[in-house]
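Reader: Got a chain here I'd like to talk through. Can you walk me through the fold, overall picture first?
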Amino acid sequence: MNEYIIAIDLGGTSAKIAVINEEAKIKERWSVPTDISEEGKLVIPNIIQSIESFFNRENISTTQIKGIGLGTPGTINQTAGTVAAAYNLNWHGAQPIKKQFEEAFDVPFFMDNDANVAALGEQWQGAGDQAANVVMVTLGTGVGGGVVIDGHLVHGVNQAAGEIGHMTIEFDDPILCTCGKLGCLETVASATGAVNLAKHHVSSFTGTSALKDAVINHESISSYDIFQLAEEHGDPYAIMIVDTYSDYLARALSHIANTLNPAKIIIGGGVSASGEFLRERVERLFKQYSFSQIKNSTQIVLAELGNDAGIFGAAQIVNNGLSN
Ligand SMILES: [Zn+2]
């Protein structure tokens, strides 16, 4: 009986590894430091070795393993089984990831990029409640996204589906994005985006505000500071920035919902720690911008799994891959 899935969530500092049973419960979990020296060539062998020693220690044979799933940064080529351009892993050219796992373990192997995997994890075991159609938007340093339709991730013709962060959302007074384009959602609705907005609009705010003073005095501020000042202290400029931030995000989410009408749009990532303070604003504006049948059926919800979204998603790509 194939009882277990090995799920791996690979990041720049560590790889989280979990053994997940058929009831989607984590039976065992550990992590392996990510060693990016020597152009990252040790990253995968270290993970493989750690799984092999776990199998030996627990006396597990590969016949008990249904499959191995990996969520990774970078650009995935599913056909070739390679990952490229994962700069936080020091991977520049295409790495033969699938080949390395298949040579080490005689079990099916599946991988996907980390943003997609997190979306699938939330759809399956988190805020998505296993609804068939779910979109996740991750508000971190950048804005990531993943689209699940009929329970499966959407990849697009060149693996770039779900790049919600690079929807052009500001045309009149745009900020330059790290991707080279102007006015991307990421420039105004990521953690960095909140700070960008606070700097960008400071000259137009005439009232008294601690946030305004901090920006003018070139103090270091974070998105956390902005949301705190707005929520805890009622700082008028901080509230204006949070409103502007929420408005951009709600517009982008309404475009997604008007196209896909998912059951849920899940907001995750560091900025979503602001919780209901952010969600409620975004929902109100989202309803304003969405077609009536959409606003009455697509819910805006907060992510529930935190850092475990990647692990559950990595397990579910195995289930989905085997059911194809
Ligand atoms: Zn961009």
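Author: One term to begin with: two residues are in contact if their C-beta atoms, placed from the backbone, lie within 7 Å. By that rule, among contacts in the protein chain with a separation of 6 or more, 61% join residues 24 or more positions apart. Keep in mind that this is a predicted model.

Reader: What does the secondary structure come to?
Author: The protein chain has 11 helices and 12 strands.

Reader: And what radius of gyration does the protein chain have?
Author: It has 21 Å. A compact globule of 324 residues would have a radius near 20 Å, so the value agrees. Along the principal axes, the C-alpha atoms fill a box of roughly 70 × 45 × 35 Å.

Reader: How much of the chain is buried?
Author: Buried residues make up 46% of the 324.

Reader: Switching topic. Which domains does the assignment give?
Author: Domain 1 is 4–113 + 308–323, and domain 2 is 129–304. Their C-alpha centres lie 30 Å apart.

Reader: How many residues of each are in contact with the other?
Author: Five residues of domain 1 are in contact with six of domain 2. On the domain 1 side, β5 (75–77) and α11 (309–323) each supply at least two residues. That side divides into two nonpolar, two polar and one charged residue.

Reader: Now the largest nonpolar core. Which residues touch the most other members?
Author: I6, I226, I241 and L253, out of 94 residues in that core. Helix α8 gives the most to the core, with 13 residues.

Reader: Tell me about α8 itself. How many residues, and what reach?
Author: Helix α8 covers residues 236–260, which is 25 residues. From first C-alpha to last, α8 reaches 36 Å. That is close to the 36 Å expected at 1.5 Å a residue.

Reader: What comes just after α8?
Author: N261, with a positive phi of about 45°.

Technical notes: Residues are numbered from 1 along each chain as its sequence is written. This is a predicted model: local features need pLDDT of at least 70, side-chain atom pairs count only at pLDDT 80 or more; totals for chains, interfaces and linings use all residues. Helices (H or I, at least four residues) and strands (E, at least two) are DSSP runs, numbered from the N terminus. The expected span of a helix is 1.5 Å times one less than its number of residues. Domain bounds come from an automatic or database domain assignment. Ala, Val, Leu, Ile, Met, Phe, Trp, Tyr, Cys and Pro count as nonpolar, Asp, Glu, Lys and Arg as charged, and the others, Gly among them, as polar. A nonpolar core is a set of buried Ala, Val, Leu, Ile, Met, Phe, Trp, Tyr and Cys residues joined through C-beta atoms within 7 Å. A residue is buried if 20 or more other C-beta atoms lie within 10 Å of its own, exposed if 12 or fewer, and partly exposed in between; C-beta atoms are placed from the backbone. The radius of gyration is taken over C-alpha atoms; the globule rule is 2.2 Å times the number of residues to the power 0.38.
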